[in-house]
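Keep the viewer open and follow along.

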Amino acid sequence: MINDMGIQVVESAPDADDLIMTATFKPIPKYTLTVVSGSGGGDYTNGTPVTIQATTIEEQTFTFWEVSPAGIDLGAGFASNSVETTVTMPSNAVTVTAHY
């Protein structure tokens, strides 16, 4: 039997005193966050809050983060016009690029 969390339970009870249980666990998937011209990139599980920060470039002013693929929801804490912001990792790979 596999439950809704992906855990397989095998039961065997030859008599009332014996019970053998085996559990099989699936790994939790991680997705890649790529940060271009900034920091915070890596591999994260869905829903993980990640702080990203644009690199300081002399004589240039940060203007916005471009998100690819477009339209991905990065959570309520994501501010596309903020040098430092929080991405809530979606369930797919995403790239954010700092523009100056």
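The largest nonpolar core has 15 residues, and among them Leu33, Ile52, Trp65, Leu74, Phe78 and Val96 touch the most other members. A nonpolar core here is a set of buried Ala, Val, Leu, Ile, Met, Phe, Trp, Tyr and Cys residues joined through side-chain atoms within 4.5 Å. Buried means under 20% relative accessible area, with a 1.4 Å probe and protein chains only. Strand 3, strand 6 (49-54), strand 7 and strand 9 (94-99) each supply at least two residues of this core. Strands are DSSP runs (E, at least two residues), numbered from the N terminus.

The model is predicted: local features need pLDDT of at least 70, side-chain atom pairs count only at pLDDT 80 or more, and totals for chains, interfaces and linings use all residues. Residues are numbered from 1 along each chain as its sequence is written, and side-chain values use heavy atoms, without hydrogens and water.

Four strands form an open sheet in the order 5-3-9-7, with mixed pairing. Two strands pair if DSSP finds at least two bridges between them. Strand 5 (42-45) and strand 7 (64-68) stand at the edges with a single partner strand each, so one side of each has no neighbour in the sheet. Strand 3 (residues 30-36) and strand 5 run antiparallel, joined by four bridges. Leu33 stands opposite Gly42 in strand 5.

Val35 also lies in strand 3. Val35 counts as buried because its relative accessibility is 15%. Beyond its neighbours within four places in sequence, Val35 is in contact (heavy atoms within 4.5 Å) with Gly40, Gly41, Ile52, Trp65 and Val96.

Note on methods. Buried < 20%, exposed > 50% of the residue type's maximum accessible area, 1.4 Å probe, protein only.
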